[in-house]
Amino acid sequence: MLGSNKSFLYKYQSRISLKGICLCKRFNSKYRPPISSFSYIHDDALSDISKEEIAKHMQNLGPFPNYSNILNPQHFYQNTVLLDYSKKHPHPVSLRQLAGYGNTLTKQKIINSANFVRVELPIRLAMRIRDLQVLPFGVVNNFHLAQIYESYYHSFNAFRKIGKINTVEDNEKFCATLSALLDDHTFNLSHLMMGALEVSIAESLPQEQLDSFMSSMLRSRISRRLIVEEHLSLSENYRKKPYDKKPPHYLGEIFQNCKAVDHFNNVAEMVKESLCHQYSQAKLLPRLQIEGDLDCQLQFMVPHLHYMLHEILRNSFEATLNSSKGENLPPVKVTIIDSKQDVIFRISDQGGGLHHDKLKSIWSFGKSPELARKSLANFHRIPGLQLYSNLQVTEAGSSIVTPKAAGTKGDAAEWTLGNKRSTLEDLMARPHEYKLGMGLPMCSVYADYWNGSLQMNSLEGYGCDTSLTLKKLGYHSNVIQLDRA
């Protein structure tokens, strides 16, 4: 059931109780530590596991675990390079700049954009790596956060060695590298969420500090991926339609013109499909009732929009099902308000509401140890979840990035942006019963990144009103959206 030795180590390495044990005994191969219930795995599961096998991997709890290709004694001597980059300041970029830049493309614009990405990403990565380094050792040494550290350092090490882009041909190779890095690092979001849950179990960071750390890491991740995807989009457009004039308020291909009603209906169908496998009254699912400005449209990134709508509707549909016993379930109502600068979505349900004390905690990444254990166990049940990185490093410590091999028609099809994987889509596709407890905190960060907001009001015994406000990016394109390094 546990799979390979790596998977075995992964599930249990950070759950071994070491309280009261002298540090010098910690890595003594002859010492066999006790197994405690300080775990999200139930005690009865431990009866089938060899405790001696667990003890063999004790050295992986130290600063230089065997499974790491990057964390070794030599790594810390390279910190002077990292510190130099972390002292630099990222260049703030607004959506208006992006829109104006991509309105009409030229060869020189593409080359300049490539060099901006090449110079900017190592600076932003160095800042986040430094944030990880200053965390308490017991936090940054968490398996999941260590995976993120490795991933960030791998990218930092690769980008800082890329030479100046001088030609369109250089940019083609650069785009292939960017595309490969996007695919190689899709697992980071899952590891960040699981790391927060394990930190909650260990209670090794105060809740306020954990929320600040998670928000900073998530906003930075959005910014970096947006910078990369925008450049890939510009390059792809130039390759297909050079010198093509774009319409006013153009923000790039990664921002689509979204009709709100259609996206609500599409996401509702996704939620209902997942609910059908868990609830026997599948044919009696609550209907979605949409009213207000039905012709509302806005430019937005579809994966971000879908994830926010999905998590809100998921909660409302499930609450309605759990609180209603009759066949005629009350609908989940959506009111769309389309103003000049904002779009407001009000989602109302009659799912019984939440207690006032619980309402305060739903926005935090810090969970109680009991709830965090349940959520972490559900993470491990998600089909196809990638737990280990496939990052490659040479014996000398240099990062290796391997773009997909060129096809018969050249490199053009090897980094098409439309083929990129989305971690958010994978999370939405998970079976409904695998609750993670991270949906609303994640949605709040995504809404905040785009200068919006997410709020909830609850009338205990009746239902909840959730209000999602999103700025119309075309009207607020002067706001420095990407300055969340």
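This is a predicted model: local features need pLDDT of at least 70, side-chain atom pairs count only at pLDDT 80 or more; totals for chains, interfaces and linings use all residues.
Let me start with a pair of helices: the axes of helix α12, residues 207–240, and helix α18, residues 439–449, come within 10 Å of each other and cross at roughly 55°. Axes here are lines fitted to C-alpha atoms, for helices over the stretch in contact, and the angles run from 0 to 180 degrees between N-to-C directions. That angle makes α12 oblique to α18, since angles under 35 degrees count as roughly parallel, over 145 as roughly antiparallel, 65 to 115 as roughly perpendicular and the rest as oblique.

Residues are numbered from 1 along each chain as its sequence is written, and side-chain values use heavy atoms, with hydrogens and water left out.

Back to the pair, then. The crossing of α12 and α18 is right-handed; a crossing is called left-handed if the near helix is turned anticlockwise from the far one by less than a right angle, and right-handed if clockwise. On the α12 side the residues are S215, L218, R219, R221, I222, S223 and L226, and they meet M442, V445, Y446, D448 and Y449 in α18, where contact means heavy atoms within 4.5 Å. By class, the residues of this contact divide into 7 nonpolar, 2 polar and 3 charged. In that scheme Ala, Val, Leu, Ile, Met, Phe, Trp, Tyr, Cys and Pro count as nonpolar, Asp, Glu, Lys and Arg as charged, and the others, Gly among them, as polar.

Helix α18 also meets α14, residues 302–323, and the axes of these two come within 10 Å and cross at roughly 145°. Here α14 passes α18 in a left-handed crossing. The contact is made by H304, Y307, M308, E311 and N315 of α14 together with G439, L440, M442, C443, Y446 and A447 of α18, and by class it has 7 nonpolar, 3 polar and 1 charged residues.

Helix α12, for its part, has α11 as another partner, and their axes come within 11 Å and cross at roughly 180°, which makes α11 roughly antiparallel to α12. From α11 the contact takes N188, L189, L192, M193, A196, V199 and S200, and from α12 it takes L210, F213, M214, M217, L218 and R221. These residues divide into 10 nonpolar, 2 polar and 1 charged.

Stepping back to the whole chain, its secondary structure comes to 18 helices and 9 strands, where helices (H or I, at least four residues) and strands (E, at least two) are DSSP runs, numbered from the N terminus. Of the 485 residues, 54% count as buried; buried means under 20% relative accessible area, exposed over 50%, and partly exposed in between, with a 1.4 Å probe and protein chains only. Among contacts between residues at least 6 apart in sequence, 81% join residues at least 24 apart.

Now for some single residues. S190 lies in helix α11 and is buried, with a relative accessible area of 5%; not counting residues up to four places away in sequence, S190 touches F379, L385 and T423. H432 is found in the loop between α17, residues 423–428, and α18, and H432 is buried at a relative accessible area of 0%. Although H432 and H277 are 155 residues apart along the chain, their C-alpha atoms are separated by 7.9 Å. Leaving aside neighbours within four places in sequence, H432 is in contact with S274, L275, Q278, Y279, R314 and E318.

E203 sits in the loop between α11, residues 188–202, and α12, and is exposed, with a relative accessible area of 61%. N451 sits in the loop between α18 and β8, residues 453–459, and counts as partly exposed at 25% relative accessibility.

Last, how many disulfides are there? With a disulfide taken as a pair of cysteine sulfur atoms within 2.5 Å, the count comes to 0. As for individual cysteines, C175 is buried, with a relative accessible area of 0%, and C464, at 9%, also counts as buried.
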